[in-house]
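Subject: Structure handover

Hello,

Here is the structure I said I would pass on. My notes on it follow below.

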Amino acid sequence: MKSLTLSRFPAPDNPALILLPWLVALAAVVLALTLGDPAAHLAGETDTSGLLRGFAMLKGVITLVALLLLSWRLLWPVPKNLLVGYLLAITAMAGAGAMVWQLSYLGLVSIFFHGGLILLLLMAWKDSAAR
C-alpha cells in the first residue's frame, strides 16, 4: 500500500492565486450585505424568514464546497478565460447567499445563485486540464 505524502501534490505556480477566489467571495458577501435591502415585510414572518435563512445556510455550504474544490483545482495551471469564469461563478454564488440571508431581492438572487452554479459546472466541464 502506497503512503500519501505531501510531495506528491503539485506546487502551485502562483500560491497567491489560491487565495483569489476566497477574496472575491468575501468581497461579494460584504458588498451584498452593504448594498442589500433587508426586507422588512418578511422580518415579521418568522416561519418564512427562518426557512429562507436555512436556504441561505445551505447555499453557503454549497459555495464553501465550491471554493474548496476550486482551491484544489488552482494547484495546477488554469487558462485565464476559465479562471475568469470560475471567479464570476463564485462571486455570483457567494453574493447571492448573503442576499438570501438578508432576505432581499429573492427572485433575482435565485437567478444569480443558480446561474453561478451552472457557470461553475460549465467551466469545470470545459476545463480539460482537470481530466
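I begin with one residue. Setting aside neighbours within four places in sequence, V24 is in contact with L87 and T91, where contact means heavy atoms within 4.5 Å. V24 belongs to helix α1 (residues 20–35).

Some ground rules. This is a predicted model, in which local features need pLDDT of at least 70 and side-chain atom pairs count only at pLDDT 80 or more, while totals for chains, interfaces and linings use all residues. Residues are numbered from 1 along each chain as its sequence is written, and side-chain values use heavy atoms, with hydrogens and water left out.

Overall make-up

The protein has five helices and zero strands, in the order α-α-α-α-α along the sequence. Helices (H or I, at least four residues) and strands (E, at least two) are DSSP runs, numbered from the N terminus. Of the 131 residues, 35% count as buried. Buried means under 20% relative accessible area, exposed over 50%, and partly exposed in between (1.4 Å probe, protein chains only). Among contacts between residues at least 6 apart in sequence, 80% join residues at least 24 apart. The protein exposes about 8,400 Å², and carbon and sulfur atoms supply 74% of that area; the areas come from the Shrake-Rupley method with a 1.4 Å probe, and for residues only the protein chains shown count as cover.

Helix α5 (residues 106–126) has 21 residues, which at 1.5 Å a residue should span 30 Å; its end C-alpha atoms are 30 Å apart, so the two values agree. The expected span is 1.5 Å times one less than the number of residues. The buried residues of α5 are V109, F113, G116, L120 and M123. They cover an arc of only 95 degrees around the axis, which puts them on the same side of α5; the arc is that of the directions from the helix axis to the C-beta atoms. What covers these buried residues includes α3 (46–73) and α4 (80–101). The face of α5 turned away from its buried side carries the exposed residues G107, I111, I118, L121, W125 and K126.

The 28 residues of α3 should span 40 Å at 1.5 Å a residue, and its end C-alpha atoms are 40 Å apart, which agrees. Buried residues of α3 include L52, A56, K59 and R73.

Aromatic rings

The structure holds one aromatic pair. The ring centres of W72 and W76 are 5.1 Å apart and their planes are at 75 degrees, so the pair is edge-to-face. Rings of Phe, Tyr and Trp (its six-membered ring) pair if their centres lie within 6.5 Å; planes under 30 degrees apart count as stacked, over 60 as edge-to-face and the rest as tilted. W72 is partly exposed, with a relative accessible area of 44%, and W76 is partly exposed at 33%.

Phi of L103 is near 60 degrees and phi of Y105 is near 50 degrees, both positive values in residues other than glycine. Most residues other than glycine have a negative phi. L103 counts as buried at 4% relative accessibility, whereas Y105 counts as partly exposed at 47%.

Regards
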